[in-house]
Amino acid sequence: MSIVIKRTTTKNYEIVTIALDAFTYDAEFRRIRNQHKRQYSSCFSCQRNFTDGEKTSLTQLRGMPNELLCHDCAVKLQSELDNVNKERDNGNK
Ligand SMILES: [Zn+2]
């Protein structure tokens with residue numbers, strides 16, 4: 001048995017856009033994704049596994065490959081993104 005130090009690191013990812021409910025997570029989606037390295041079987045934000053027939057949202061992250069979000073995370077993050085963009089637009093007036 002070895003003694004280890006376990007550390008969890010936190011990374012920040014800047015959202016550029018979110019396409020709400022862009023894909024349905026189903027057998028066809030899994031068939032297509034099986035040909036690729038990444039399976040995209042869970043939400044990038046809350047890490048919950050997608051269930052069959054669930055709508056998933058595509059998010060574009062700055063300097064990163066696109067990721068998938070569950071509906072609830074996508075709605076919440078889109079609302080926060082809208083507020084940030086609104087504040088930025090008001091600041092430019
Ligand atoms: Zn989520």
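Modeller: With a term: a nonpolar core is a set of buried Ala, Val, Leu, Ile, Met, Phe, Trp, Tyr and Cys residues joined through C-beta atoms within 7 Å. Keep in mind that this is a predicted model.

Colleague: Which residues make up the largest nonpolar core?

Modeller: Eight residues in all: Tyr 25, Cys 43, Phe 50, Leu 68, Leu 69, Cys 70, Cys 73 and Ala 74. Two or more of the core residues come from each of β3 and α2, and β3 gives the most, with three residues.

Colleague: What does Phe 50 touch, not counting residues up to four places away in sequence?

Modeller: Its contacts on that count are Tyr 25, Ser 41, Ser 42, Thr 56 and Cys 70. Of these, Tyr 25 and Cys 70 are also listed in the core.

Colleague: Now the sheet. In what order do the strands run?

Modeller: The order is β1-β2-β3, in an open sheet of three strands with antiparallel pairing. On average, neighbouring strands are turned by 35° against each other, direction ignored.

Colleague: How many bridges join β2 and β3?

Modeller: Four, in the antiparallel sense, with β2 spanning residues 54-61. Opposite Leu 69 in β3 stands Ser 57.

Colleague: And which helix packs on the sheet?

Modeller: Helix α2, residues 71-91, which touches β1, β2 and β3. The direction of α2 makes about 155° with that of β1.

Terms used
Residues are numbered from 1 along each chain as its sequence is written. This is a predicted model: local features need pLDDT of at least 70, side-chain atom pairs count only at pLDDT 80 or more; totals for chains, interfaces and linings use all residues. Two strands pair if DSSP finds at least two bridges between them. Axes are lines fitted to C-alpha atoms, for helices over the stretch in contact, and angles run from 0 to 180 degrees between N-to-C directions. Two residues are in contact if their C-beta atoms, placed from the backbone, lie within 7 Å. A residue is buried if 20 or more other C-beta atoms lie within 10 Å of its own, exposed if 12 or fewer, and partly exposed in between; C-beta atoms are placed from the backbone.
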